[in-house]
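Work through the exercises below with the structure open beside you. Try each task before you read its solution.

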Amino acid sequence: MSMRNRLLSGLLTVMLVGSLAGCSGGSGNGNSSSDSSSDAQSSKAKVKITFMSRDSGDTPVAKVYEDQIAAFMKDNPDIEVQNDSVYEEAAYNNKLKVAISTGETPNIFYYPAIAGLTEWAQSGVLLDLTEALEEDPSWKDAFLDGALDTYRLDGYGVEGIYALPNELNVDGVFYNKELFKKAGITETPETMDDFYEAVKKLNDAGITPIGVGGKDTWVMGHIFNNILAKRIGTEGIRALGVGDKSWTDDDVVECLQITKDLKEKKAFMDGFEGIDVNTQMSQFLTGEVAMISHSSPIIPEMYNTDSEILDDISFFPFPYFEDKPEYKDTRVVYTSGWMLSGTMDDAEKDATLKLVKYMTTPEAIQERMDAAMRVAPYKNITAPENAPQIFKDMVSYTDTITNSVGEYFDYDKCATLVDVSRNGILNMMLSNSPEETAKAIQADIDANRPK
Amino acid sequence: MEKIRKNKKIICIFLFPAFFIYLCFEVIPVLMTIYFSFHEWPGIQSVPLEFVGLDNFVNLFRNEIFLKSLKNVFLYVIASVILQVPLGFALGLLVHKFTHFKRFFKASFFIPMILSVTAVALLWNFIYFPTDKGILNTLLIHAGLPDLARQWLVDPETSLPALIIVSTWTSVGYYMIICLAGLTAIPDSVIEAGEMDGATGIRKVWYLYIPMLWDSVKMSVIMVITGVLKIFDTVYILTPSGGTDNSTIVPALLMYNESYRYGHYGTGSAIATIIFILSALVSVISLRLMNKRESIEY
Amino acid sequence: MKKAEKRVHTLGHKIGFLIFLAIAVINVYPLIFSIFCSLKGNLEIFSSFISLPEQLRFENYITAWKVGNIGRYFLNTILLAAGTLLISGLFGTMASYILSRFRFKIKSGIYLFFISGMMIPIQAVLIPLSYVFGKLGIMNNYGMLLLLYSAFCFPMTVLIMTGFMNSIPTELEEAMIIDGAGIWQVFFQMVIPLSMPGIISVSIFNFIQVWNNLLFPLIFITDKEKGTISMGLLAFFGEYSTDYSASMAGICLTTIPVIIAYVLFQDKIENGLMSGAIKG
């Protein structure tokens with residue numbers, strides 16, 4: 001008993017001291033990086049770095065990452081890489097946010113934001129990659145032209161490049177050729193009017209035109225984003241993000257109206273507001289619906305299923321509006337990137353850059369594309385010979401894109417915008433008017449966008 | 001006897017381990033959360049906390065969505081207390097009577113509790129599925145009531161009741177188990193004496209069992225209140241965005257979004273603090289009310 | 001006891017039994033549903049909700065076992081759960097014994113202090129907790145994790161055990177004290193056996209807490225070999241799609257043994273210990 005008591009009272013002291021130290025850490029001296037640097041100097045032990053992506057488990061790309069990390073550690077016995085990847089979204093988010101709040105930022109990680117990175121960039125959570133890229137021109141040169149500018153935050157009050165583009169998710173409308181034929185649609189829609197015509201023909205043939213898992217609010221959000229891109233273009237979306245333009249402007253409200261009208265035009269099935277993406281995917285892959293709006297990573301996912309209609313599936317770019325020909329070539333492409341921790345000591349930083357460069361050599365990129373059919377923003381990468389036609393088409397379509405834009409909220413520092421706007425759009429599909437929706441979204445931005 | 005019952009040394013030795021572990025691993029973190037709630041903090045280690053006084057709280061009570069979440073969670077609590085405790089105890093009293101299949105029945109109520117939330121969510125997703133393919137809608141149509149079929153989780157009028165039913169279903173087993181444990185503590189002689197008095201059916205339950213189980217009833221009610229006020233999982237899985245027009249938004253979901261999605265850590269902590277204070281208030285009030293009815297000493 | 005047995009055979013009880021059977025079937029249904037889903041293909045799950053599988057796909061179980069690392073994680077979780085039940089059960093019962101039987105000034109204060117822990121949403125304390133763990137460098141440490149789990153089990157343990165002890169008669173233990181038994185002897189030989197139904201109930205709740213807890217292992221375990229079931233099941237929920245078949249197979253693999261253990265052991269423990277203790 002006394003033994004245990006002594007142990008426990010020792011523990012109490014430790015815990016109290018520990019938690020007080022935690023408090024003061026929160027109130028801001030932020031010493032932890034200097035602590036760890038002295039650790040690293042005192043012992044010439046292995047440098048330990050953590051890699052955290054959303055790819056884990058059984059997926060092809062996760063396996064490639066595992067192999068590449070293993071190979072890297074073999075080449076660099078003085079570096080130990082811990083792969084902390086978490087597949088599931090909420091779990092990943094929890095883990096990352098806790099890590100950043102306690103100063104244990106993973107050395108390499110992924111986060112779906114651009115303007116939303118500003119605060120992390122300003123407070124030193126993220127490493128400005130400009131210097132590292134300048135020092136290694138051949139590395140810098142491997143990225144597609146302009147790709148690196150995706151994460152340049154100069155427009156948001158902090159200079160520098162704060163992430164490396166790693167994957168491109170190219171948006172498109174995936175469709176079932178067989179069902180199109182059945183409905184008498186001979187050519188894929190190029191303009192929105194063609195598109196409405198196709199919707200009508202499909203309905204007449206008794207086929208649900210578009211599968212939408214509205215319960216997952218991003219699905220409607222993506223459709224709206226495409227309409228926005230085709231009507232106000234990249235500049236318009238950027239202006240919206242920095243506040244030079246308001247959501248209540250006529251052209252934005254019009255985009256909301258067009259989105260809502262799709263329901264009136266019977267583009268979606270009844271009850272789509274309560275259906276989730278899994279059901280949407282199943283409906284498409286069993287030939288129940290003719291189209292889904294999705295992006296390139298869905299290709300390997302489709303080929304991972306036992307669907308019998310894979311050969312009938314192809315895609316076409318989101319149609320444009322005849323009255324807005326200037327935005328005909330504005331394409332929606334979501335970039336996902338790797339962020340590097342800004343609180344590393346020199347040894348860690350060297351090791352981390354070494355790993356990132358290792359994983360972005362043309363060979364490494366090609367390996368991932370071969371294994372996992374993910375489109376990457378690098379030059380001289382080609383679709384593998386044995387890939388399905390749809391993926392080859394996607395890669396060559398990607399090559400034709402000259403003017404791309406991401407998600408509207410990527411350009412806005414307002415953190416709540418993603419949820420407020422997507423929920424707002426879904427509510428609009430159910431009942432609210434586009435004007436009310438625009439007003440509510442703008443009100444949220446006014447209240448929550450950091451100055 | 002009295003001397004032992006007041007022996008300070010025994011009291012300290014027996015209380016110490018639980019008290020100490022609980023203090024270190026739960027109480028201190030909670031105090032830190034309360035401390036955070038008076039500050040603004042973006043959830044970044046190197047950014048200092050900025051003291052803002054009661055701003056976070058004031059802003060919350062001006063925020064319509066937060067007020068809506070309070071209203072929802074109160075409805076949730078009231079409905080859950082009314083449904084879960086009586087149902088759980090009714091089932092417990094019934095199961096207690098059985099001689100056959102007792103194990104099967106007990107186990108059947110154990111299943112919804114232990115099953116992973118993923119399975120539960122998938123199942124109820126299909127039951128509430130919005131088209132006429134949904135299990136509930138199919139049943140209604142076959143029963144000749146097609147007008148009642150609807151988008152259960154989307155329709156603002158049905159989404160909260162739909163969630164309450166799922167919660168009730170998953171947690172009724174808890175209160176059945178508490179009831180059964182309470183029953184085993186009642187000496188047989190007391191029940192037999194009560195039966196000699198000729199009490200039967202509902203009267204027997206009301207005048208004999210409920211008073212004897214009153215301690216169990218009280219703790220069940222506290223468990224429901226504290227559990228529902230912080231409810232997160234069921235809501236997040238079935239209506240991740242908080243429902244149409246925020247019809248199913250609850251404080252814990254808002255807290256999660258503010259802290260972990262928007263980086264408003266001070267606001268998130270303030271919501272947590274409010275949940276804590278509310279639970280304490282509601283628990284104390286309901287304990288007061290329930291203490292008016294004395295439990296039977298036997 | 002004998003009288004109650006006879007009553008089952010009256011008409012009213014038969015009807016009650018039937019209603020009850022219906023409710024019980026509704027409760028068992030999710031398990032059957034999960035088993036069905038675990039044998040279907042992914043597309044099949046979402047195209048026909050309640051149908052039987054077209055063909056039995058046992059390969060889902062192989063995937064689940066490998067990808068979710070189920071074997072290893074099952075053992076880890078059992079280990080964590082057993083430790084937590086032991087710590088929270090023993091210390092919690094000790095504290096409840098004092099709060100139920102002893103008299104001292106701040107008793108109700110201490111009781112409320114424990115109970116108030118039930119009101120804390122776990123997400124709310126995650127960041128402060130990881131500060132403490134991070135500063136102490138005690139990631140991946142099962143000992144610390146056990147104490148953490150136990151801390152979050154104490155509130156409910158104290159609530160239920162104190163309530164339970166309030167309802168059991170005190171004569172027997174008082175007689176034992178008068179006979180000269182020490183407090184530890186009284187506690188272990190009389191109080192614990194008499195409180196067993198309560199301890200079992202509370203252990204069931206605590207077990208479920210540990211079993212389904214995702215946040216703690218997610219944040220405090222980084223070593224893959226030390227992961228838990230709930231972490232393993234995450235491996236099926238991807239950025240672009242979810243492998244529901246394999247995830248359901250994983251759920252069945254981990255849930256069914258627990259349910260079997262519950263059925264087999266609960267009555268055994270309860271009956272065995274209760275028959276030892278004298279009922280008043």
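**Exercise 1. Confidence**

Task: Find which elements of chain C have the lowest and the highest mean pLDDT.

Solution: 
- Step 1. Remember that this is a predicted model. It scores ipTM 0.87 and pTM 0.88.
- Step 2. Take chain C as a whole. Its mean pLDDT is 84, and 90% of its residues reach 70 or more.
- Step 3. Go element by element. Helix H1 (residues 2-7) of chain C has the lowest mean, 45. Helix H5 (residues 70-101) of chain C has the highest, 94.
- Step 4. Look at residues 1-8 of chain C. The pLDDT there is below 50, and the stretch has nine contacts in the model beyond near neighbours in sequence.
- Step 5. Now look at residues 275-280 of chain C. Here too pLDDT stays under 50. The model has eight contacts for this stretch beyond four places in sequence.

**Exercise 2. Chain B in outline**

Task: Describe chain B by its elements, its span and its burial.

Solution: 
- Step 1. Count the elements. Chain B has 14 helices and two strands.
- Step 2. Take the span. Along its principal axes, the C-alpha trace of chain B covers about 70 × 70 × 30 Å.
- Step 3. Check burial. Chain B has 298 residues, and 53% of them count as buried.
- Step 4. Sort the contacts of chain B that have a separation of 6 or more. Residues 24 or more positions apart account for 70% of these.

**Exercise 3. Two sides of chain C**

Task: Work out which classes of residue chain C presents to chain B and to chain A.

Solution: 
- Step 1. Start with chain B. 78 residues of chain C contact 72 residues of chain B.
- Step 2. Turn to chain A. This contact takes 31 residues from chain C and 38 residues from chain A.
- Step 3. Find the elements on the side of chain C that touches chain A. Those giving two or more residues are H3 (42-47), H4 (59-67), H7 (126-136) and H11 (215-220) of chain C. H7(C) gives the most, with nine residues.

**Exercise 4. Two domains in chain A**

Task: Locate the domains of chain A and say which element supplies the largest share of domain 1's side of their contact.

Solution: 
- Step 1. Read the assignment. Domain 1 covers 45-168 + 334-405, and domain 2 covers 172-330 + 414-448.
- Step 2. Take the distance. The C-alpha centres of the two domains of chain A lie 28 Å apart.
- Step 3. Count the contact. 17 residues of domain 1 meet 17 residues of domain 2.
- Step 4. Look at domain 1's side. Helix H16 (389-400) and strand E9 (403-405) of chain A each supply at least two residues. The largest share, three residues, comes from H16(A).
- Step 5. Sort domain 1's side by class. There are 12 nonpolar, four polar and one charged.

**Exercise 5. Positive phi**

Task: Decide whether B:Asp245 and C:Asn69 are buried, partly exposed or exposed.

Solution: 
- Step 1. Know the background. Most residues other than glycine have a negative phi.
- Step 2. Take B:Asp245. Its phi is positive, near 50°. The residue lies in the loop between helix H12 (233-238) and helix H13 (251-261) of chain B.
- Step 3. Count its neighbours. B:Asp245 has 15 other C-beta atoms within 10 Å, so it is partly exposed.
- Step 4. Take C:Asn69. Its phi is also positive, about 50°. C:Asn69 sits in the loop between H4 and H5 of chain C.
- Step 5. Count again. C:Asn69 has 20 C-beta neighbours inside 10 Å, so it counts as buried. The cut-off for buried is 20 or more.

How values were computed. Residues are numbered from 1 along each chain as its sequence is written. Chains are lettered from A and ligands numbered from 1 in the order in which they are written. This is a predicted model: local features need pLDDT of at least 70, side-chain atom pairs count only at pLDDT 80 or more; totals for chains, interfaces and linings use all residues. Two residues are in contact if their C-beta atoms, placed from the backbone, lie within 7 Å. Ala, Val, Leu, Ile, Met, Phe, Trp, Tyr, Cys and Pro count as nonpolar, Asp, Glu, Lys and Arg as charged, and the others, Gly among them, as polar. Helices (H or I, at least four residues) and strands (E, at least two) are DSSP runs, numbered from the N terminus. A residue is buried if 20 or more other C-beta atoms lie within 10 Å of its own, exposed if 12 or fewer, and partly exposed in between; C-beta atoms are placed from the backbone. Domain bounds come from an automatic or database domain assignment. pLDDT is the predictor's confidence in each residue, from 0 to 100.
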